[in-house]
Amino acid sequence: MEHPGAESPGGGSSSGGGSTSSTSSQEGEEPESPGGPGPEEEEDDEAAAAASPATYAMMEDCLLKKIEISVAEAEKRTGRNAMNMQETYTAYLVETRAVESQAEGQCSPPDSLWRRYSEFELLRNYLLVNYPHVIVPPLPEKRAEFVWHKLAADNMDPDFVERRRIGLENFLLRVASHPILCQEKIFNAFLTKEGGWKETVNETGFQLKADSRLKALNATFRVKNPDRRFTELKHYSDELQSVISHLLRVRARVADRLYGVYKVHGNYGRVFSEWSAIEKEMGDGLQSAGHHMDVYAASIDDILEEEEHYADQLKEYLFYAEALRAVCRKHELLQYELEMAAQDLTSKKQQCEELATGTVRTFSLKGMTSKLFGQETPEQREAKIKVLEEQIRDGEEQLKAKNLESRDFMKSAWTDIERFKEQKNHDLKEALISYAVMQISMCKKVSLLD
């Protein structure tokens, strides 16, 4: 259990802070090379990281201090989908109530509306696209995984729907407590506007901003100077997912065996009860033993249902691993675009120098053409130089903008990573301690039965 609760990479020197300004892209400065931050910038990043807890303390005016949010119930419904085919789905009742009314002793009914799981997905996809530097909280699983055999894998199973209801409520609470996401108007509309909310989201055109998987994959393999901290973060997220997956699989196997052992005692209870009917002297003792066996066998259902609650807490961080990788992929894409802009600018400067001096440093098709068909006239060469000079100026501005975007992303991302690390360490510690306490309590109950 060491890995899930371990510190994520970059703890002591990761950049953070809420500032989005840059100190190295001022007017008149040369554009920075895309090889990563220099020593002075790393010192600034470390100072920002050290200040990040205070920065977030100033942003604690989160939505949860103003309203109470809950997913009160789930309801099975039947309707028609976009293909006009009948389908069965689950709707969830989202309720909100102002905290001020509670403090003033008013018992006004909460505002409520129904949402489908697909609408929760739409909300999260919107947040992922518009806040790429944020570790967006994950949704609960759509279909049951890592379960013991008594639980059905059907997504309409009442036990699973109830656990998913709790998970969806937790998702809303995570977003509402986030210092940045809680201020999003689309999220607030999700809580208050039932009709037309999906149309409002789609009208933002957020899908057009989404990076394609092919583009992100291309950046992953072609970036030349990946940031060490993001590389370590990606490895950490892979390890976190692997360790928690293995832990959940082991827990499911242990639960299966434990369930089998307890239910065998149920068979013993039935045998003892039948035996007591034909034994005169031992009848009462056998009947009592059979009763204890039945109680022992029945106790496992509640125990494993409670275990499943702690398993869901681990699953949340299993899915958080993918949210971490999404931030890493976005940084790789920004770094790749920065390197391409720098490479294009260098190429244009070289072309301009070759035209100005009349010397060709490297082999090119244009050089061969000029040798075969004669040199360009001075007027043609001057016109090309002017075009290249304009392109160089545009390239320098573009490179400055890319540098600024990359630095701002890194600062914002590492600020959120620091926040996530604190949350993760606290949550996993509490979950594992509670799980251990539950196991101790179970052993005590068994000893009393014995």
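Q: What makes a space in this predicted model a cavity rather than a pocket?
A: A cavity is a set of points where a 1.4 Å probe fits but cannot get out, whereas a pocket is an open set with protein on both sides. By that test, and counting those of 30 Å³ or more, the structure holds 2 cavities.

Q: How do you know that V223 and Q335 belong to the lining of the largest cavity?
A: A lining residue has an atom within 4 Å of a point, and V223, P226, D227, F230, T231, K234, C328, H331, E332 and Q335 line the largest cavity, which holds about 60 Å³ of space.

Q: Which helices supply at least two residues each to the lining of the largest cavity?
A: They are α9 (228-276) and α10, and the largest share, 4 residues, comes from α10.

Q: What is known of the largest pocket?
A: About 1100 Å³ of space lies in the largest pocket, and of the 34 residues that line it, the closest to its centre are R124, L128, E322, A326 and R329. The lining divides into 18 nonpolar, 4 polar and 12 charged residues, and its largest share, 9 residues, comes from α10.

Definitions and conventions. Residues are numbered from 1 along each chain as its sequence is written. This is a predicted model: local features need pLDDT of at least 70, side-chain atom pairs count only at pLDDT 80 or more; totals for chains, interfaces and linings use all residues. Side-chain values use heavy atoms; hydrogens and water are left out. On a 1 Å grid over the protein atoms alone, a cavity is a set of points where a 1.4 Å probe fits but cannot get out, and a pocket is an open set with protein on both sides within 12 Å along at least five of seven lines; lining residues have an atom within 4 Å of a point. Grid points are joined across faces, edges and corners, and a volume is the space filled by probe spheres set on the points. Ala, Val, Leu, Ile, Met, Phe, Trp, Tyr, Cys and Pro count as nonpolar, Asp, Glu, Lys and Arg as charged, and the others, Gly among them, as polar.
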